[in-house]
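Hi,

Here is the structure I promised to pass on. Have a look at it first, and my notes follow below.

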Amino acid sequence: MIRVLIADDQAMVRQGFGALLAAQPDLLVVGDAADGAAAVAAARRLDPDVVLMDVRMPVMDGLEATRRLAGGPKVLILTTFDLDDYVYEALRAGASGFLLKDAPAADLVQAVRVVAAGEALLAPSVTRRLIAEFAARPQRDRPRPVALTALTPRETEVLRLIARGRSNQEIAADLVVAEQTVKTHVGRVLTKLALRDRAQAVVFAYETGLVAAGE
């Protein structure tokens, strides 16, 4: 059972998402919160697997709340097109992915399952391009590219494909190897680079210059 916490300052959004997720046999909505501070407190108290986190909320915004939950539950950022500037910062803050608020109901349900399973949610493709765009902006705290020397050539290739939003199945097809082999490579990449999940791998790949916007 996947435990979910919903954080959004609009009661109708919380209720709507809550009803949708609660109707799924493998999902359990353990609580909700109307602001970022309440979301952090509720997450620490209720121990959810996934937090659906709105960006713009009173008291504390979703980005700061995500930072404070780093190392805890997976965070799925809810955004709208006019909030796209926040997408990359959300991933840098520790979010495991993001979803447009107007996405179909089935996409929301699947997004929770994907993030809970430890995958990065970088779909749809238009939002993958946005990640590339914002990741290309200069960052003062760019990781040292020397960290990449820990990877084998094949692991480096796998990291590039992860950064482009490829799934394990797609990577396996690209490299003509078994999907289990890809999973092994992904695990080694995360371990060697001390990254929590695929979302952090995407951020790392862009910030080190391994993958550039527009590739």
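A definition to start with: buried means under 20% relative accessible area, exposed over 50%, and partly exposed in between, with a 1.4 Å probe and protein chains only. Helices (H or I, at least four residues) and strands (E, at least two) are DSSP runs, numbered from the N terminus. This is a predicted model, in which local features need pLDDT of at least 70 and side-chain atom pairs count only at pLDDT 80 or more, while totals for chains, interfaces and linings use all residues. Residues are numbered from 1 along each chain as its sequence is written, and side-chain values use heavy atoms, with hydrogens and water left out.

After α9 comes Ala194, with a positive phi near 55°.

Next, the packing. A nonpolar core is a set of buried Ala, Val, Leu, Ile, Met, Phe, Trp, Tyr and Cys residues joined through side-chain atoms within 4.5 Å. The largest one has 23 residues, of which Leu159, Ile162, Ile171 and Leu193 touch the most other members. Two or more residues of this core come from each of α7 (153–163), α8 (168–175), α9 (179–192) and α10 (198–207). A second, separate core has 20 residues, including Ala7, Ala33, Ala43 and Met53. Contact means heavy atoms within 4.5 Å. Leaving aside neighbours within four places in sequence, Leu159 is in contact with Leu148, Leu151, Val189, Leu193, Ala201, Phe204, Ala205 and Leu210.

Asp54 has 4% relative accessibility and counts as buried. Beyond its neighbours within four places in sequence, Asp54 is in contact with Ala7, Asp8, Asp9, Gly62, Leu78 and Lys101. An unreviewed UniProt entry places "modified residue: 4-aspartylphosphate" at Asp54; such annotations may be inferred rather than shown by experiment, feature names are shortened, and positions are given in the numbering used here.

Finally, the chain as a whole. It has 10 helices and five strands, and buried residues make up 48% of its 215 residues. The mean pLDDT (the predictor's confidence in each residue, from 0 to 100) is 82, and 82% of the residues reach 70 or more. Where pLDDT is low, the predicted coordinates should not be read in detail.

Best wishes
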